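Grab a pencil and work through these exercises with the structure open beside you. Each task comes with a worked solution.

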Amino acid sequence: MSNENTERRYWIWGQFDEASSSILNKIQRIVHDELQGPSFILHLTLSGPFFDLSSGVLERIDTFALKNKQFSIKPRSYGMKDLFFQSLFVEIENTNKLNTLKMNLDDLLEVSSEDFFPHISLFYGLKNQIVKQIVIDHLLTLPECLVLDKITVAETGQGDIESWRIIRQYPLINNLNVLNSLGRPI
């Protein structure tokens, strides 16, 4: 058995439609300008890590995306913790729909489910809580909802955060028909 600590690591991220991405990117730029953290692609981590990126796994993820519809998620509030990867974030309401999506992905990838804390990180790093609160106090009002419209396979591997990359992106279905199943994955 290989040592998982030295292998490439893959995660399934949820990503957002154009309107949701636009507002989230504006918020992230404000946070980045103030706190100067590493640059990274906005996402909501759904499952991982997993280590097998064979064509069979990619086909199963594609089939999964074809059977799942895009849906709205509700931002609850800005939040912060004294954790590097959960330093400053948008907390997302933990709904049955979101939990079911995560559990089904975990099952598909044979990943053990852990406590799920749905959030969209805006900053990675360790900063004083007071400094982060000052930044939060000046952020834009969160939208009522965000649309999760795609799942993404991301490689985080052993490199730094700025070397993370998207391997594949699979749109979740808006209205299933024969046309939107052609030419996948995108």
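**Exercise 1.** Find the ring that the charged end of Lys-97 sits over.

*Solution.* Start with the cut-offs: a charge sits over a ring if NZ of Lys or CZ of Arg is within 6 Å of the ring centre and within 35 degrees of the ring normal. For Lys-97, the ring is that of Phe-71, with 5.2 Å to its centre. Now try Lys-81: its charged end lies over the ring of Phe-117, 3.8 Å from the centre.

A word on the source: this is a predicted model, where local features need pLDDT of at least 70, side-chain atom pairs count only at pLDDT 80 or more, and totals for chains, interfaces and linings use all residues. Residues are numbered from 1 along each chain as its sequence is written, and side-chain values use heavy atoms, with hydrogens and water left out.

**Exercise 2.** Work out how the rings of Phe-84 and Tyr-124 pair.

*Solution.* Rings of Phe, Tyr and Trp (its six-membered ring) pair if their centres lie within 6.5 Å; planes under 30 degrees apart are stacked, over 60 edge-to-face, the rest tilted. Here the centres are 6.5 Å apart and the planes at 20°, so Phe-84 and Tyr-124 are stacked.

**Exercise 3.** Is Tyr-124 buried or exposed?

*Solution.* Buried means under 20% relative accessible area, exposed over 50%, partly exposed in between (1.4 Å probe, protein chains only). Tyr-124 has 4%, so it's buried. Phe-84, at 35%, is partly exposed.
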